[in-house]
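This briefing walks through a few local features of one model, grouped by topic. Please keep the sequence and the coordinates open while reading.

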Amino acid sequence: MQFQQLQYFVAVAETRHFTRAADLVHVAQPSLSQQIKALERELGADLFLRARGNITLTDAGEALLPLARRILADADTARHEVQELAQLRSGRVRLGATPSVCTGLLPDVLRAFHDRYPGIRLLIEEGGSHDLVRELARGALDLALVVLPLPTPAPALTTVELLREDLVVVSSPDAPRPGGGRRTVRVADLEGERLVMFRHGYDLRELTVAACRAEGFEPDFAVEGGEMDAVLGFVRAGLGVAVVPRMVAARSGRGLRVTPLARPGLHRTIALAHRSDVAPPRAARELQRMLLER
């Protein structure tokens, strides 16, 4: 049974005339008649009672008609929905990002994407790079913004470097300046400071702790275990200092003093990742393009 045969059958059933039906579906009348006969052979039953000037449905034709109409309607709906998605009128993008990237980089890009494609749903999952890599691998995300180098080798992922961002030290304006009040501080100057530290698995925690150990000391934590918003809140309250991305510090508003790190400083590299074996959906590819061109 062919889709085209059902179209011809419904046209004859509605017009009760083979020639008018052929005109309706833009096909020659002999071709339409041949396809109807082929459909009847396939089904093993006559669909029409053919009398000169009088075409009526048989019992088999009456049974097939509502089913054929439903099949044609479902096909039209499927065509419409695929076209809508292809033209980025509907669909979704599942994007993973570290919390600091969500705070610093994403708001402006997502606003621009939503303004251009308001019918696309944006589903955001926050997590550390390790968790995001795992979610990408199992197909739960279309794209992820991760910190390089990845915590574990991920040969099934494709990564494209997006930006290299400086890290800075934030403190409360009511507390003494870190590093003895200098305009810039070194990582070594943090040895005498109490740090507000992120939870385990947080990329910034691993980077900061590794930098301190490279300078020969273990960092002293005043508070640990928070996400980005909590860490910034604790710093504002004067509980200690924290090392955060410059973009996050710039967006955090009043209540924080920002002190750059002296050269060579600390940096992190943000990359856009997706599975190598599966092409992201078109909506995800469009968001990927906007992120890379931002």
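This is a predicted model: local features need pLDDT of at least 70, side-chain atom pairs count only at pLDDT 80 or more; totals for chains, interfaces and linings use all residues.

A residue counts as buried when its relative accessible area is under 20%, and Phe-48, with a relative accessible area of 2%, is therefore buried.

**Aromatic pairs**

- The structure holds 4 aromatic pairs, and one of them joins Phe-18 and Phe-48 in an edge-to-face arrangement, with 5.9 Å from centre to centre and 70° between the planes.
- This pair links distant parts of the chain, since Phe-18 belongs to helix α2 (residues 18-24) and Phe-48 to strand β1 (residues 48-51), 30 residues apart.
- Phe-18 also counts as buried, at 11% relative accessibility.
- The rings of Phe-113 and Tyr-117 have centres 5.2 Å apart and planes at 55°, so this pair is tilted; both Phe-113 and Tyr-117 are buried.
- Phe-9, Phe-18 and Phe-48 are linked into a cluster by ring pairs.

**Helix α6**

- In helix α6 (residues 106-116), the buried residues are Leu-106, Val-109, Leu-110 and Phe-113, and, seen down the axis of α6, they fall within an arc of 95°, so they line one face of the helix.
- On the other side of α6, Arg-111 and Asp-115 are exposed.
- The elements that cover the buried residues of α6 include the strands β3 (91-97), β4 (120-126) and β5 (143-148), together with the helices α5 (99-104) and α11 (282-292).

**Helix α8**

- Helix α8 (residues 203-214) has 12 residues, which at 1.5 Å a residue should span 16 Å, and the 17 Å between its end C-alpha atoms agrees with that expectation.
- Buried positions in α8 are Asp-203, Leu-204, Arg-205, Thr-208, Val-209, Ala-211 and Cys-212.
- After α8 comes Gly-216, which has a positive phi, near 90°.

- Glu-165 is found in strand β6 (residues 157-171) and is buried, because its relative accessible area of 7% lies under the 20% limit.
- A polar atom of the Glu-165 side chain lies 2.7 Å from the backbone nitrogen of Met-247.
- Leaving aside residues up to four places away in sequence, Glu-165 touches Pro-245, Arg-246, Met-247 and Val-248, as well as Leu-266, His-267 and Arg-268.

Notes. Residues are numbered from 1 along each chain as its sequence is written. Side-chain values use heavy atoms; hydrogens and water are left out. Helices (H or I, at least four residues) and strands (E, at least two) are DSSP runs, numbered from the N terminus. Buried means under 20% relative accessible area, exposed over 50%, partly exposed in between (1.4 Å probe, protein chains only). A polar contact is a pair of N or O atoms within 3.5 Å; within protein, one must be able to donate a hydrogen and the other to accept it, and residues adjacent in sequence count only if both atoms are side-chain atoms. Contact means heavy atoms within 4.5 Å. Rings of Phe, Tyr and Trp (its six-membered ring) pair if their centres lie within 6.5 Å; planes under 30 degrees apart count as stacked, over 60 as edge-to-face and the rest as tilted. The expected span of a helix is 1.5 Å times one less than its number of residues. The arc is that of the directions from the helix axis to the C-beta atoms.
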